[in-house]
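Student: I'm new to this one. Can you walk me through it?

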Amino acid sequence: MADLTLNITETLDLEVGGVPHVFTTSDADDDLNISGINGYLAQTINIPTTAGLTQVIKFGSTSAIGQVNASNFKYMRFYNAGNTNVTVQLSDSTSDKQINFLMIPKQPLVFTSLSFDNNSSTSTASDDVIQGTSNVTGTSATADEVRMISASSSNNVDVFVAYS
């Protein structure tokens, strides 16, 4: 088994009258350490602008091609490598519950759980959730798939999922 370590580095140097800012969690107690990793899925997917969302990964009771055993899930990261916004949807398709996240160009999005809060059961997607303006009411659900759609042109998204 392997350990996955996530650390964050911020570097900001304002050109006019600014004071440089550097912060890192590398080799610090603030790192996110996830143990017991036995495998991972890593790929770059071209996300279209079609009317329906594209399924990127599925979670189920067993592992299969494109499907991870939900009980073995540990971590997932998406990175918008393109130049347009991408909507990332966590979906509990069996209960028609979902929550959407807006991923802007060059932005990563990280999840360490498949559980999420959402509005109520619905057959249509909720509005994008932008940081600080959550549209959830506390109804809990567990994602069994991740789906995406690109805003204005097809877009590459890097997908990384680690599991035990």
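Tutor: Here is a short tour, from the overall picture down to single residues. This is a predicted model, where local features need pLDDT of at least 70, side-chain atom pairs count only at pLDDT 80 or more, and totals for chains, interfaces and linings use all residues. Residues are numbered from 1 along each chain as its sequence is written, and side-chain values use heavy atoms, with hydrogens and water left out.

Student: What does the secondary structure of the chain come to?

Tutor: Zero helices and 16 strands. Helices (H or I, at least four residues) and strands (E, at least two) are DSSP runs, numbered from the N terminus.

Student: What pLDDT does the chain average?

Tutor: The average is 82, and 82% of the residues score at least 70. pLDDT is the predictor's confidence in each residue, from 0 to 100.

Student: Where is confidence lowest, and where highest?

Tutor: It is lowest in strand 13 (residues 128-129), with a mean of 46. Strand 8 (residues 73-80) is highest, at 96. Over residues 125-135, pLDDT stays under 50. The model has 21 contacts (heavy atoms within 4.5 Å) for that stretch beyond four places in sequence. Where pLDDT is low, the predicted coordinates should not be read in detail.

Student: How many bridges pair strand 5 with strand 16?

Tutor: Nine, in the antiparallel sense, with strand 16 covering residues 155-163. Two strands pair if DSSP finds at least two bridges between them. Ile45 has Val157 in strand 16 as its bridge partner.

Student: New topic. Is strand 9 buried or exposed?

Tutor: Seven of its seven residues are buried, so strand 9 is largely enclosed by the rest of the structure. Buried means under 20% relative accessible area, exposed over 50%, partly exposed in between (1.4 Å probe, protein chains only). Both faces are covered. Val86, Val88, Leu90 and Asp92 are on one side, with Thr87, Gln89 and Ser91 on the other.

Student: Why does Thr87 count as buried?

Tutor: Because its relative accessibility is 12%. Thr87 sits in strand 9 (residues 86-92). Its C-alpha is 8.7 Å from that of Leu53, which is 34 residues apart along the chain.

Student: Which strands does strand 9 pair with?

Tutor: Strand 10 (residues 97-103) joins strand 9 through seven bridges, running antiparallel. Val86 has Met103 as its bridge partner there. Strand 15 (residues 145-150) also pairs with strand 9 in the antiparallel sense, over six bridges.

Student: What's between strand 9 and strand 10?

Tutor: Four residues, in a hairpin where Asp96 takes a positive phi near 50 degrees.

Student: And where is Lys106 found?

Tutor: In the loop between strand 10 and strand 11. Lys106 has a positive phi of about 65 degrees although it is not a glycine. Its relative accessible area is 45%, so Lys106 is partly exposed.

Student: Last one: how much of the chain is buried?

Tutor: Buried residues make up 34% of the 164 residues.
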